[in-house]
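Hello,

Here is the structure I promised to pass on. Please open it alongside this message, and my notes follow below.

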Amino acid sequence: MDAHTSATAGSKAQPRTVALFVSDLHLSADVPRTSAAFFDFLQNTGTQAKALYLLGDVFEYWAGDDDLDAPFNQKVCTVLRSLADSGVQIFWIAGNRDFLVGQKFAMAARISLLQEPHIVTMAGQKLLLLHGDAQCIDDTDYMKFRARVRDPAWQSVFLARPLADRKALIAGMREGSRAAQKEKSMAIMDVNPTEIKKLFRSHSVELIIHGHTHRPGMHLTEGGTRYVLPDWDCDGDTARGGWIAMDSDGKLSSVSILNSG
């Protein structure tokens, strides 16, 4: 990174923040401390930025926009809308856990849904943004699953099921995914280098930001620089998480959450 800053959750970001980039929060009512840290981030650091980019897996799962009235989901929506009402533009790229977020949620939270990969130019920098799972092509089983659940016809049939049935099916999928991951190497579950090179070349960019892999860092590769966002977990013994900030000079900084307690 050009700079690295450590901060406790809720601390003030540096001024002149053009954009913040966050992913892999995996929010649910089951992780209250992680959720509280994110809400604190939105209400403090978030208000100092012009734009916030949420790059997937904000929720642990999303069964459909008809689950918006659930108390926890409504809380997330309300906090996001409050940030948007303060003048911050919020953009959302779907992850592998919350790709069923639709226009009802987007309108309620005042966020803009983006298709990936998304290219944006800000502060003199041209960036390519994505979640990152589509580039994990070495995980062939996951790619088959992804192709199935991202198919509009499959989604239409799935969303026609009763909400309780959908949640039960998702719980089964999550359990199967956890079991499968224990049998896979980290290399298989990481992004494929050739796919990354293709992105740099085909989109004529030199900067990529993504999440998904839970392996944060900066990678200098052929074609440009790739930044990987961290996942968030403040409910375990050691808090982790963070975001990337871009200032008005186009400088990128990594900000980490430290275990504050």
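This is a predicted model: local features need pLDDT of at least 70, side-chain atom pairs count only at pLDDT 80 or more; totals for chains, interfaces and linings use all residues.

Residues are numbered from 1 along each chain as its sequence is written, and side-chain values use heavy atoms, leaving out hydrogens and water.

The protein chain has an average pLDDT of 90, and 90% of the residues score at least 70 (pLDDT is the predictor's confidence in each residue, from 0 to 100). Residues 1-15 have a pLDDT below 50, yet this stretch has 36 contacts in the model beyond near neighbours in sequence (contact means heavy atoms within 4.5 Å).

Now the sheet: 5 strands make up an open, mixed sheet, ordered S6-S7-S8-S10-S9. Strands are DSSP runs of E with at least two residues, helices runs of H or I with at least four, numbered from the N terminus; two strands pair if DSSP finds at least two bridges between them. Strand S6 (118-122) and strand S9 (217-221) are the edges, each pairing on one side only. S6 runs antiparallel to strand S7 (residues 125-129), joined to S7 by 5 bridges, and His 118 stands opposite Leu 129 in S7.

Finally, Asp 190 sits in the loop between helix H7 (186-189) and helix H8 (193-203). Is Asp 190 buried or exposed? Asp 190 is buried, at a relative accessible area of 16% (buried means under 20%, exposed over 50%, partly exposed in between, with a 1.4 Å probe and protein chains only). Leaving aside neighbours within four places in sequence, Asp 190 is in contact with Gln 135, Cys 136, Thr 213 and Arg 215.

Best wishes
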